[in-house]
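Subject: Structure handover

Hello,

I am passing on the structure below, followed by notes on what was found in it. Please read the notes with the coordinates open.

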Amino acid sequence: MTAAVALSLQGLHKAFDGNPILRGVDLELLAGERCALIGPNGAGKSSLFHLVSGRYRADAGRVTLHGVDITRQSPQQINRLGLARSFQITSLFPRLSAFENVRCALLWTLGYRYAFWRRIGRSHEASTRALAVLQQVGLAARADVAAGELSYAEQRALELAVTIAADASVILLDEPTAGMSRAESAAMVALIREVTVGKTLLMVEHDMQVVFDLADRIAVMDNGRVIACDTAPRIRANEDVQALYLDRRRHG
Amino acid sequence: MKRLLLPWLGFALVLLAAPLVFPQSAALSLLSQMGTMVLLCLSYNMLLGEGGMLSFGHAVYSGLGAFGAIHLMNRMAEGALAFPMTLVPLAGGLTGALCGVLLGYLTTRRAGTTFAMITLGLVELVSACVLMFPEVFGGEGGISGNRVIGEPVLGISYGPQIQVYYLIAGWLLVCAIAIWALRATPLGRILNAVRDNPERAAFIGYDPQRVRYLALILSAFFAGVSGGLSAINFEIVSAEYVGALRSGAILLFTFIGGSAYFYGPIVGGVVGVLFSSWLSAYTQAWQFYLGAFFILIVMTAPGGLASLIDQGWRILRSGAFDTRMAVRAIAWLAAALPVLAGLVLATEMAYQASLGSLAEAPLRWWGWTVDVHAPLPWMTALLLMSGGVAALWCWRGQGGRS
Amino acid sequence: MEFALITFLNGLGYGFLLFLLSSGLTLIYSMMGVPNFAHASFYMLGAYVAYAIAGVLGFWPALLIAPLVVGVAGALVEHYGLRIVHRYGHVPELLFTFGLSYLVVELVQLVWGRAPVPYRIPPALDGTLFTLYTTAFPVYRGFMLLVAALMLLALWLLLRHTRIGLVIQAALTHPQMVEALGHNVPRVFMLVFGGGCALAALAGVIGGNAFVTEPGMAAAVGSIIFVVVVVGGLGSLAGAFITSLLIGMMQTFAVALDVSLASLGLSVAPDSALAPLLRLTLAQVAPVLPYLLLVVMLIVRPKGLMGQREG
């Protein structure tokens with residue numbers, strides 16, 4: 001039985017002020033798989049994320065989520081359809097507590113919409129679910145601390161919590177272990193593995209240890225294109241990838 | 001829950017007892033004005049403090065709400081409509097909300113400084129339009145009305161000021177509770193999120209523009225209620241109710257009070273009315289004092305008076321307030337008072353000298369008659385100020401309070 | 001024909017004055033990132049200080065000294081006031097200028113009283129430059145145009161063709177980089193602020209005696225210059241120039257044209273809701289036009305006519 005395609009990128013092009021950043025990206029993610037997106041700086045990985053999540057509009061190409069075309073949709077519409085993303089530079093609500101951050105991420109999926117006629121107290125479903133998520137990422141003890149006052153690692157954990165809180169089926173993580181020590185990275189990897197069970201994961205990463213630990217498949221990007229997408233051993237053996245990395249190393 | 005109940009009970013008690021403590025008619029009038037201004041500032045802080053939306057045109061909603069209310073009152077007086085006076089502020093609120101629906105759609109399409117500039121343009125636009133249609137808005141003279149209509153109900157006719165005060169206090173309490181409760185709703189929480197990081201808010205499923213729009217409509221409702229109360233209180237509504245000057249005052253007072261705290265606008269509204277309505281009876285220089293005070297707050301306590309109160313409360317609670325701190329605080333006050341006294345003396349003399357009705361009229365100050373043309377009072381003022389400043393400068397190094 | 005020409009020249013004069021006034025604001029706005037509400041107050045100060053100096057030394061020294069005095073005052077305000085508030089964020093900065101504008105009006109009233117002061121056009125410039133058909137075009141209008149044009153030429157040359165101008169331009173958009181390159185960026189900001197205020201003061205010097213010099217003059221132009229700066233586009237002098245002329249023309253023509261929809265032939269029943277609307281003349285609607293422009297522009301194109309970035 002073939003797994004359904006969760007996320008499909010077809011021929012994505014994007015240029016900024018005439019500079020082409022994405023020159024035709026093709027990628028297909030099957031439901032439930034974990035895919036790491038690697039490549040040298042400037043390859044267009046973050047731009048691809050921005051495109052898929054709706055922050056930028058593609059010049060050409062298509063993005064489909066569970067078969068639904070989301071190429072022209074706004075970020076909030078895409079999120080409501082089941083795609084959540086994290087940010088490379090931590091993007092939280094600094095004046096709200098950790099608990100509030102996660103709870104806000106839950107409100108839409110739980111159907112609260114723009115309601116202003118009902119209060120959400122500590123006993124509501126949103127609150128109990130938020131606490132559960134905080135428990136999962138290990139921030140339950142810091143639930144009432146303002147997000148802006150958490151340590152860097154705690155903020156990264158909170159960033160993850162906010163991303164996965166609403167139970168999105170497709171999750172995009174942008175360098176989740178950036179700036180972390182070996183130990184912190186290992187903890188984050190374990191956490192990611194735990195919270196993305198059954199979800200489709202696309203992850204930008206530079207840390208190859210993390211990539212080999214987590215990813216089912218690895219997609220390699222260079223110069224605005226995906227030049228290879230395969231399992232780890234095959235990627236290691238892939239000539240184009242070798243040329244890319246060895247070439248770079250030779251030219252410093 | 002009990003923790004929250006106490007302050008609210010206290011607030012209700014203060015509202016109830018205030019006219020008993022200050023029964024003079026001038027005081028009642030002042031209290032009534034404070035009530036409407038506090039509600040207006042609370043409604044404004046829904047945008048500024050909760051939503052991070054800096055609006056220069058909030059008076060549009062309270063002003064148009066006031067016009068709506070006064071027109072309703074006139075229809076009621078003509079006998080064309082039977083409507084309880086007590087509920088007229090609701091009509092003001094609905095008018096404000098309607099304007100929020102129409103105008104807010106234009107303004108909330110953009111955020112940040114662009115939003116602020118649109119509101120500036122809008123308030124000038126609306127106040128100019130108000131003057132262009134004297135049939136609806138009464139031109140320069142405005143529209144007047146009567147708050148005593150028909151027979152008194154349960155002894156209440158709203159003729160006496162004390163009855164109007166309790167009407168205002170009642171609406172203020174109900175609306176304040178509503179504004180407080182809104183913070184705990186999904187919309188209230190998401191509004192805070194949009195304030196902190198609108199992009200992230202989009203990525204968790206909410207349209208920041210829609211959130212701001214709804215917040216503006218709700219805020220405009222409460223502003224309209226405040227406008228309706230003003231219409232009842234003064235029985236006249238004119239173009240200046242809708243103007244940029246009034247919008248600026250709302251911003252000023254809310255900021256002075258402190259926009260990061262729920263009770264900040266309450267403090268700000270009270271202080272603002274004290275300056276503009278109470279102080280203005282005692283001195284010509286009140287606008288100067290207001291401006292100077294405002295600049296002082298901006299430069300030394302940008303979190304507003306509420307932040308100072310909060311700081312003081314924390315220090316007291318933590319028990320860190322020992323004798324040494326008390327001594328320092330007293331010393332600081334002892335140095336600051338002469339500076340203030342000297343400054344006020346100099347300002348009053350300057351105003352008297354420049355704008356006094358009679359060129360030779362002396363200044364009356366707390367029973368003393370001060371000749372503004374003699375050098376001695378000026379020297380005194382200078383001495384007071386320099387002495388105080390010198391003391392402050394010396395004590396600066398020792399870590400003055402706040 | 002005569003009407004059109006005279007109105008055009010008047011509109012040009014008003015537009016140039018507006019640009020002189022808003023050029024400083026557009027520079028300060030790009031630098032601070034927040035609108036300077038006290039800018040019109042420096043315009044007012046320029047007029048009053050010029051009046052004071054002209055009474056003692058005459059108009060020509062006043063023309064030179066008044067902008068310098070006000071410019072220095074502006075630089076001091078930036079150094080001792082704005083700089084402190086800057087680290088609290090945008091809103092406190094904005095409110096500081098707000099409070100400042102309040103204070104300046106009070107101070108001016110304190111020193112010079114609440115009534116308009118007799119700041120007059122100097123007799124040497126009082127007269128008719130030329131007569132177009134039957135309308136006289138005053139010398140002073142021509143003088144205003146000349147001064148404004150010369151000043152703006154000087155400004156353009158300064159910014160484009162001198163080193164300090166280059167540094168200023170760079171510091172307006174990338175202050176940290178410029179500082180890293182070794183330039184004294186705080187000093188540049190002080191210079192720009194003082195310079196902007198001096199420009200506003202100059203506009204006051206030459207405008208104050210053509211129009212009226214009174215405590216309300218700041219409020220009268222205050223909002224319009226914001227329209228110019230925002231519609232023209234953040235940081236764009238060219239945009240401010242175009243918008244100033246546009247508004248100058250728009251206002252002058254609108255005020256001069258006493259037509260209404262009713263006078264053009266459209267009519268409805270006298271007691272219908274639309275009747276007051278149709279009776280409105282263009283002259284009555286004139287004050288509203290700049291704000292209409294502002295609101296429309298901000299909704300349609302927040303960057304302004306020629307701005308590079310939004311807000």
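**Chain A: overall dimensions**

Chain A has a radius of gyration of 19 Å, which agrees with the value near 18 Å that a compact globule of 252 residues would have. Please keep in mind that this is a predicted model. Along its principal axes, the C-alpha trace of chain A spans about 55 × 45 × 40 Å.

The secondary structure of chain A consists of 9 helices and 10 strands. Of its 252 residues, 43% count as buried. Among contacts in chain A with a sequence separation of 6 or more, 67% are between residues 24 or more positions apart.

**The largest nonpolar core**

Which residues touch the most other members of the largest nonpolar core? They are Val102(A), Ala161(A) and Ala201(C), in a core of 276 residues. The element that gives the most to this core is helix H10 of chain B (residues 208-234), with 15 residues.

For Ala161(A), the partners can be listed. Leaving out residues up to four places away in sequence, Ala161(A) touches Val102(A), Val133(A), Leu134(A), Val137(A) and Leu139(A).

**Chain B: two domains**

Chain B is divided into domain 1, covering 2-304, and domain 2, covering 322-401. Taken over C-alpha atoms, the centres of these two domains of chain B are 35 Å apart.

**Chain B against chain C**

The contact between these chains takes 34 residues from chain B and 36 residues from chain C. On the chain B side, four helices each supply at least two residues: H5 (112-132), H11 (244-257), H13 (286-300) and H15 (323-355). H5(B) gives the most to this side, with 13 residues. By class, the side of chain B that touches chain C has 22 nonpolar, 8 polar and 4 charged residues.

Regards

How values were computed
Residues are numbered from 1 along each chain as its sequence is written. Chains are lettered from A and ligands numbered from 1 in the order in which they are written. This is a predicted model: local features need pLDDT of at least 70, side-chain atom pairs count only at pLDDT 80 or more; totals for chains, interfaces and linings use all residues. Domain bounds come from an automatic or database domain assignment. A nonpolar core is a set of buried Ala, Val, Leu, Ile, Met, Phe, Trp, Tyr and Cys residues joined through C-beta atoms within 7 Å. A residue is buried if 20 or more other C-beta atoms lie within 10 Å of its own, exposed if 12 or fewer, and partly exposed in between; C-beta atoms are placed from the backbone. Two residues are in contact if their C-beta atoms, placed from the backbone, lie within 7 Å. The radius of gyration is taken over C-alpha atoms; the globule rule is 2.2 Å times the number of residues to the power 0.38. Ala, Val, Leu, Ile, Met, Phe, Trp, Tyr, Cys and Pro count as nonpolar, Asp, Glu, Lys and Arg as charged, and the others, Gly among them, as polar.
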